[in-house]
Amino acid sequence: QVQLVESGGGLVQAGGSLRISCVASGNTASIVNIGWYRQAPGNPGKQRELVAVFKNSNSPNYAESLKGRFTISRDNAKNTVYLQMNSLKPEDTAVYYCNAESSLWSYWGQGTQVTVSS
């Protein structure tokens, strides 16, 4: 089992920056992929959108539309993954979820709300 706890969300003005964190615990050695997804408000049936992910500890993959504004990083010693978000736009408003995958399971955190005001 892997547990994921996100933090750092909040309210920010358009053009501002925010860094959110995800701390993994439990069987972290089993994690193959880890990264961030988001789900916009008002459409709970919509699939969560990929933001950025480390796959097999390789270089990160980003959603094309977010390249250049968002940066994912990790601190393996702290079992923590970060998402630095710059030049935020109102359309970035969403619940941001941390996701980790082992060879068998997919784990999700509870999410952290990011709200960007215009």
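The following questions and answers concern a predicted model of a protein chain.

User: How many helices and how many strands are there in the protein chain?
Analyst: Read along the sequence, the chain follows the pattern β-β-β-β-β-β-β-β-β-β-β. The count is zero helices and 11 strands.

User: What radius of gyration does the protein chain have, and why does it agree with a compact globule?
Analyst: The C-alpha atoms fill a box of roughly 40 × 30 × 25 Å along the principal axes. For 118 residues, a compact globule would have a radius of gyration near 13 Å, so the value for this chain agrees. That value is 14 Å.

User: What share of the residues in the protein chain is buried?
Analyst: The chain exposes about 6400 Å², and carbon and sulfur atoms supply 47% of that area. A residue counts as buried under 20% relative accessible area. Of the 118 residues, the buried share is 41%.

User: How many residues apart in sequence are the parts that the pair of Cys22 and Cys98 ties together?
Analyst: Cys22 lies in strand β3, residues 18–26, and Cys98 lies in strand β9. The pair therefore ties together parts whose separation in sequence is 76 residues.

User: Is the disulfide of Cys22 and Cys98 left-handed or right-handed?
Analyst: Cys22 is buried, with a relative accessible area of 0%. Cys98 is also buried, at 0%. The torsion about their S-S bond is about -80°, so the disulfide is left-handed.

User: How are the rings of Tyr37 and Trp108 arranged?
Analyst: The aromatic pairs number two. In the pair of Tyr37 and Trp108, the ring centres are 5.3 Å apart and the planes are at 70°. Planes over 60 degrees apart count as edge-to-face. The arrangement is therefore edge-to-face.

User: Which strands hold Tyr37 and Trp108?
Analyst: Tyr37 is buried at 19% relative accessible area, while Trp108 is partly exposed at 38%. The pair ties together parts that are 71 residues apart in sequence, because Tyr37 lies in residues 33–39 and Trp108 in residues 106–108. These strands are β4 for Tyr37 and β10 for Trp108.

User: Which residues form one aromatic cluster?
Analyst: Tyr97 and Trp108 form an edge-to-face pair, 6.3 Å centre to centre with 90° between the planes. Tyr97 lies in strand β9, residues 94–101, and Trp108 in strand β10, so this pair ties together parts 11 residues apart in sequence. Trp108 also pairs with Tyr37. The cluster consists of Tyr37, Tyr97 and Trp108.

User: Which residue lies over the face of Tyr97?
Analyst: Tyr97 counts as buried, at 11% relative accessibility. A side chain lies over the face of its ring, at 3.6 Å from the ring centre. The residue is Arg48.

User: Over the face of which residue does Arg74 lie?
Analyst: A charge may sit within 6 Å of the ring centre to count. Arg74 is at 4.9 Å from the ring centre. The residue is Phe54.

Definitions and conventions. Residues numbered from 1 in each chain as written. Predicted model: local features only at pLDDT ≥ 70, side-chain atom pairs only at ≥ 80, totals over all residues. Heavy atoms only, no water. Phe/Tyr/Trp six-rings, centres within 6.5 Å; stacked < 30°, edge-to-face > 60°. Helix = DSSP H or I, 4+ residues; strand = E, 2+ residues; numbered from the N terminus. Buried < 20%, exposed > 50% of the residue type's maximum accessible area, 1.4 Å probe, protein only. Lys NZ or Arg CZ within 6 Å of the ring centre and 35° of its normal. Disulfide = S-S within 2.5 Å. Rg over C-alpha atoms; globule rule 2.2 N^0.38 Å. Areas by Shrake-Rupley, 256 points an atom, 1.4 Å probe, with all protein chains shown as cover.
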